[in-house]
Amino acid sequence: MNNHGTKPIPRKPNCASLKYAVNIDDIRQVAQRRLPKMVFDFIDGGAEDEVTLRANRDVFGDIKLKPRVLTDVASRNLSVNVCGTEMKVPIGFAPTGLPGIVHPKAELLAVAAAGRIGTVFTVSSASTHSIEKIADVANSPLWFQLYLWRDRNVMGQLIDRAQSSGYSALCVTVDVPVNGGRERDVYNGMTLPPRISLRNALDVMSKPQWCAKQLTAPRITLSNLSNMDASPGKDVSTLAAWAQQLLYPACDWNDFRWIRQKWRGPLLVKGIMNAQDASMAVKYGADGVIVSNHGGRQLDGLPSTMEVLPSVVDAIKSKAEVMVDGGIRRGTDVIKAQALGASACMIGRPYLFGLAAGGERGIERVFEILTSEVDRGLAILGTPSIRNLDRSNICWDALHKFSSTTGDSHVQ
């Protein structure tokens, strides 16, 4: 019994199979069972003490929704349009580096799932399969993610290849001047590719499905970098070291201006965490921004993305699209983000959990769960369209707190 004399909510048992998964946390549990610890921690972990990683998730509990009743919600619309890309659900695939360590066919399965879901898939510069190979199997819109690297020849080749392959938008990641300190990887002795050692042999061998897939598939690599003129080879560890050398702590908005001049389609900036940078992005030609702290994997101690979102929306919403990622695990999280002004949300870890739990079917199950939760949430909230959400759907106390946190004087 608790202090109020009621029985506590029972602890949820660990989910052993995708078949029994009710929510995203269940799918995460299945993924944890099926992946070696070093691989699971590579996708699940954050930087240093993981304060920001937890904040991204915890903040949603502070945002309360305000429903309306006796409104006609018999027909509900979840579709959005972001930078000319139609999405049947307001959730896109965020770019994730080297998903091949989860499943050798990672991006190929994910982009096939994206086509059936009706949403956008964002291909990482650090993808396992190449820009061209992914485009060949895609039947839904593709975006490409680019790092601001020091070698403009490398960036230029990637931009040209993405444009030639029909990618509809470019997302430039701007929050990685250096890599964050991901201590789980250090403790686990994580390498690329993952290697069996005395320290992890028992754990790795206890994951036979993962081992079988990895051992029978071609050796994973950074396919977008392996076939370039300047490439040091095809070995993933060599290419990863090269990518590390390409990081550019001296980059500035002039480097972004160069990308704007070269890319002919919609251009988004990923990694924005304050209104001033959002305004600068628009000034230098961005069509949209993605409010992101890299999933808590870069600088620990940053605020959650949802705390920053309202001030960014107020700064640029009339001029550019605003998307958000970080900590989204429920359909109500998506509803809250949309109500605070996001054009759409992006997910990375949840789709990787689904990939580990059940391949292509696991990815589809992730979106089925989130889509169902968004649809149900809209009905109970009394709002028939995701596009009609605004701050009137958020309780004033939550808005006041976010106003105080972000320094946003426009929230009413």
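This tour visits salt bridges in a predicted model.

Set up the viewer first. Residues are numbered from 1 along each chain as its sequence is written. The model is predicted, so local features need pLDDT of at least 70 and side-chain atom pairs count only at pLDDT 80 or more, while totals for chains, interfaces and linings use all residues; side-chain values use heavy atoms, without hydrogens and water.

A salt bridge here is a side-chain nitrogen of Lys or Arg within 4 Å of a carboxyl oxygen of Asp or Glu. By this rule there are 20 salt bridges.

**Stop one.** Select Lys262 and Asp160. Their side chains form a salt bridge, 3.3 Å from N to O. Lys262 sits in helix α12 (residues 253–262) and Asp160 in helix α6 (residues 152–164), so the pair ties together parts 102 residues apart in sequence. Helices are DSSP runs of H or I, at least four residues, and strands are runs of E, at least two, numbered from the N terminus. Now colour by relative accessible area: buried is under 20%, exposed is over 50%, partly exposed is in between (1.4 Å probe, protein chains only). Lys262 is partly exposed at 28%. Asp160 is partly exposed at 34%.

**Stop two.** Select Arg330 and Glu373. This salt bridge spans 2.7 Å, N to O. Arg330 is in the loop between β9 (321–325) and α15 (331–339), and Glu373 is in helix α16 (residues 349–381), 43 residues apart. Arg330 is partly exposed at 34%. Glu373 is buried at 8%.

**Stop three.** Select Arg361 and Glu368. They meet in a salt bridge at 2.8 Å, N to O.

**Last stop.** Select Arg28, Lys37, Asp41, Asp44, Glu50 and Arg184. Salt bridges link these residues in a network.
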